[in-house]
2 protein chains.
Amino acid sequence: MTATTPDQDQDNLAYDVFAKACPSRTTLEHVTGRWGGLTLGALFEGTLRFNELRRRVDGVSEKMLSQTLHALERDGLVHRAAQPTNPPRVDYDLTPLGRQVAERLLALIHCVEGSMDDVLAARARYDETRGAL
Amino acid sequence: MTATTPDQDQDNLAYDVFAKACPSRTTLEHVTGRWGGLTLGALFEGTLRFNELRRRVDGVSEKMLSQTLHALERDGLVHRAAQPTNPPRVDYDLTPLGRQVAERLLALIHCVEGSMDDVLAARARYDETRGAL
């Protein structure tokens, strides 16, 4: 939105998450929020129903998952399809845009998971130093 | 930590952000939290002092930035260096691990920024449909 710096060479100068009022910051929050990220990650593996999603995203409440799905659907990242079955069934999957975003998010998630031995070692060092003060 | 699925072929099966108790979930939250993500993104461009960081991460309070930096330092992603100058000066930069994580995060940020035209169009369609109900 504002504050483009000379070293930005990507072609998306119109939006900037560093600017407080830029709408891209809200979308980044939906994508990286506690439940948004895990929901996108889970749906990257395939279509899921609400209760399947809830089991996969360990710890999420029904209310939070419902809010998360609405925000992601509104941003055009998740597609909600009510199936004409009896009993009625609602399937969730990623849109093509949602897949693009989820792919980057999963690369980040796998990087974090793969770094955890180092992270835990760093935490132990940090706590030891602080404890020794 | 648990719940590794057969289709996971990366070599970091020990940690799983989908499991509630896995420590990788906390680190992912530090990295993707509202201010954590922007802080890592800002430091990817180079070393910054506290006040420089505060200006770059538009909207963050002194207290929140300080908490964010402590969490990232404890996880071994950010390095804090007190310079022996007069007046004293504290520089922050990314560790090699922090750079790896920030690189993935910036790919995600750029993807989101580059998708905003589509996201805003999706939001308008969604609100129109809901308004019409």
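**Note on the interface of chain A and chain B**

1. Chain A and chain B bury about 5500 Å² between them, with 62% of that area on carbon and sulfur atoms. Of the area that chain A buries against chain B, F18(A), R74(A) and E113(A) supply 15%, more than any other three residues. The model is a predicted one.

2. In terms of contact, 56 residues of chain A meet 56 residues of chain B. There are 19 residue pairs in polar contact between the two chains, counting pairs with both residues at pLDDT 80 or more. On the side of chain A that touches chain B, α1 (23–32), α2 (34–44), α4 (62–74), α5 (96–114) and α6 (116–132) each supply at least two residues. The most comes from α5(A), with 13 residues. By class, this side of chain A has 23 nonpolar, 14 polar and 19 charged residues.

3. The rule finds six salt bridges across the interface of chain A and chain B. In a salt bridge between the side chains of R123(A) and D75(B), the N to O distance is 2.7 Å.

4. The largest pocket has a volume of about 310 Å³. Its lining has 14 residues, and those nearest the centre are E73(A), A122(B), R125(B), Y126(B) and T129(B). Both chains take part: α4 and β2 (78–83) of chain A and α6 (116–132) of chain B each supply at least two lining residues.

5. Which element gives the largest share of the lining of the largest pocket? That element is α6(B), with six residues. The lining of this pocket divides by class into five nonpolar, four polar and five charged residues.

Notes. Residues are numbered from 1 along each chain as its sequence is written. Chains are lettered from A and ligands numbered from 1 in the order in which they are written. This is a predicted model: local features need pLDDT of at least 70, side-chain atom pairs count only at pLDDT 80 or more; totals for chains, interfaces and linings use all residues. Side-chain values use heavy atoms; hydrogens and water are left out. Contact means heavy atoms within 4.5 Å. Buried area is the accessible area (1.4 Å probe) that two parts lose on being put together, summed over both. A salt bridge is a side-chain nitrogen of Lys or Arg within 4 Å of a carboxyl oxygen of Asp or Glu. A polar contact is a pair of N or O atoms within 3.5 Å; within protein, one must be able to donate a hydrogen and the other to accept it, and residues adjacent in sequence count only if both atoms are side-chain atoms. Helices (H or I, at least four residues) and strands (E, at least two) are DSSP runs, numbered from the N terminus. Ala, Val, Leu, Ile, Met, Phe, Trp, Tyr, Cys and Pro count as nonpolar, Asp, Glu, Lys and Arg as charged, and the others, Gly among them, as polar. On a 1 Å grid over the protein atoms alone, a cavity is a set of points where a 1.4 Å probe fits but cannot get out, and a pocket is an open set with protein on both sides within 12 Å along at least five of seven lines; lining residues have an atom within 4 Å of a point. Grid points are joined across faces, edges and corners, and a volume is the space filled by probe spheres set on the points.
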